[in-house]
Amino acid sequence: MDLYVAPYREVVVFVVKHFWQSLRYGNQYIYQSLPRLLSLWLDYGASVVEAEKKERARQTQGAPQSQKLTNMKKSLSDLNEVHNTPAR
């Protein structure tokens, strides 16, 4: 799946956010929720790193940073903030 597509980024943030919320309310399904949450989060983080490597290669040729990479970094930052948010 192309992780550059904006709707996919939004879905990943949404799903990870709600997996975190479900884990805050109980651990009955921790063995299903936590592996899925970590898979999505870490796979998305790895895709951001890959995109940064490609972007660095592009920038050596004088091209400006792409908006897609900026959006991916913002989405990853949002994911990292989700688990630091206190439970309500």
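**Reading the core and its surroundings**

Mentor: In the largest nonpolar core, which has 16 residues, the members that touch the most other members are V16, W20, L37, W41, Y44, L76 and L79. A nonpolar core is a set of buried Ala, Val, Leu, Ile, Met, Phe, Trp, Tyr and Cys residues joined through side-chain atoms within 4.5 Å. Buried means under 20% relative accessible area, exposed over 50%, and partly exposed in between, with a 1.4 Å probe and protein chains only. In soluble globular proteins, nonpolar side chains tend to be buried together.

Mentor: This is a predicted model, in which local features need pLDDT of at least 70 and side-chain atom pairs count only at pLDDT 80 or more, while totals for chains, interfaces and linings use all residues. Residues are numbered from 1 along each chain as its sequence is written, and side-chain values use heavy atoms, with hydrogens and water left out.

Trainee: What is L79 in contact with, leaving aside its neighbours within four places in sequence?

Mentor: Contact means heavy atoms within 4.5 Å. On that basis L79 meets V12, V13, V16, W41 and Y44.

Trainee: How many aromatic pairs are there?

Mentor: Rings of Phe, Tyr and Trp (its six-membered ring) pair if their centres lie within 6.5 Å; planes under 30 degrees apart count as stacked, over 60 as edge-to-face and the rest as tilted. The count here is 1 aromatic pair. W20 and W41 form it edge-to-face, at 5.9 Å centre to centre and with 80° between the planes. Because W20 lies in helix α1 (residues 6-24) and W41 in helix α2, the pair ties together parts that are 21 residues apart in sequence. W20 and W41 are both buried.

Trainee: Is S33 buried or exposed?

Mentor: S33 counts as buried because its relative accessibility is 9%. S33 is placed in helix α2 and, not counting residues up to four places away in sequence, touches F19, S22 and L23.

Trainee: Where is E55 placed?

Mentor: E55 is in helix α2 (residues 30-59). Leaving aside neighbours within four places in sequence, E55 contacts P64, Q65, S66 and L69.

Definitions and conventions. Helix = DSSP H or I, 4+ residues; strand = E, 2+ residues; numbered from the N terminus.
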